[in-house]
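Visitor: I have a model open and would like to go through its fold. Can you take my questions as they come?

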Amino acid sequence: MSKLVVRAFSISLDGYGAGPAQSCDDPLGKGGEALHEWFFPTRTFRAMSGQEGGETGVDEDFAARSFENVGAWILGRNMFGPVRGPWPDHSWKGWWGDNPPYHVPVFVLTHHARPSLEMDGGTTFHFVTDGIEAALERARDAAGGKDVRVGGGVATVRQYLRQRLIDEMHLVVSPILLGSGEALFAGIDLPALGYGIGERVATAAATHFTVTKQG
């Protein structure tokens, strides 16, 4: 059965999933890139970047698993790009160049309509203006029985969590302190929503947790 999942989502030790002041120069906010230092050396990341080699081991195992059985993605608009408000034109096509790393349909939450955008490698961005549940319904239809992955950002994950729509999260706690930014769990009572801790694995670079919906 198709699940709604969050995978390989990195947060700081003080609970931030992105740094402050996102911009073209800092798409993950100030200091946010350091959240993903565990991921960059892995074989999975290097293959995504067109490079050879890469580290194996626990971090690589989790990185590779994060892409398994994913039939569609959901992203918040900030994950697609830094443009705010109505689209001035359609020139912005994402952070990733002509061949984004998704290779399946991607549904982008936005308040402003835009035609679907077909990219190289099988990625098509669809812009959804009628809310998170509509995006999930469309993503599940597109996924064809596979899982739907919420890629972020923090606000998008929080919206789906508050509605208890996420079935499973793989969170990666990176050993850094950001001090400010976007707090993933501020004001969210996970036990009250029915979530519990599953897998727990520590490496030199990070600590991996799975959080699952109970019952």
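Predicted model: local features only at pLDDT ≥ 70, side-chain atom pairs only at ≥ 80, totals over all residues.

Visitor: Fine. What is the strand order in the open sheet?

Guide: The order is β5-β6-β4-β3-β7-β1-β8-β11-β10, nine strands with mixed pairing.

Visitor: Do β1 and β8 run parallel or antiparallel?

Guide: Parallel: six bridges join β1, residues 4-12, to β8, residues 168-174. Within that pairing, I11 has V173 of β8 as its bridge partner.

Visitor: And β8 with β11, parallel or antiparallel?

Guide: Antiparallel, through six bridges. In β11, H208 is the residue opposite V172.

Visitor: What about β10 and β11, how many bridges there?

Guide: Six, in the antiparallel sense. Y195 is bridged to K213 of β11.

Visitor: Which side chain makes a polar contact with it?

Guide: That of H170, at 2.9 Å from the side chain of H208.

Visitor: What else does H208 touch?

Guide: Leaving out residues up to four places away in sequence, its contacts include W38, V58, D59, F62, L171, V172, E199, R200, V201 and T203.

Visitor: Switching to helices. Which strands does α2 lie across?

Guide: Helix α2, residues 58-65, lies across β1, β8, β10 and β11 (207-213), and it runs at about 135° to β10.

Visitor: Which of its residues are buried?

Guide: In α2 these are D59, E60, F62 and A63. They line one face of the helix, because seen down the axis they fall within an arc of 165°.

Visitor: Why would residues three or four places apart point the same way?

Guide: Because an α-helix has 3.6 residues a turn.

Visitor: What covers the buried residues of α2?

Guide: The cover includes α1 (43-48) along with β8, β10 and β11. D59 and F62, buried in α2, are also among the contacts of H208, which sits in β11.

Visitor: One more: what does α5 touch on the sheet?

Guide: Helix α5, residues 154-162, touches β1, β3 (70-76), β4 (105-109), β7 (147-152), β8 and β10. Its direction makes about 135° with that of β7.

Terms used. Residues numbered from 1 in each chain as written. Heavy atoms only, no water. Pairing = 2+ DSSP bridges. Helix = DSSP H or I, 4+ residues; strand = E, 2+ residues; numbered from the N terminus. Contact = heavy atoms within 4.5 Å. Axes fitted to C-alpha atoms, helices over the stretch in contact; angles between N-to-C directions. Polar contact = N/O pair within 3.5 Å; in protein donor to acceptor, adjacent residues only side chain to side chain. Buried < 20%, exposed > 50% of the residue type's maximum accessible area, 1.4 Å probe, protein only. Arc of directions from axis to C-beta.
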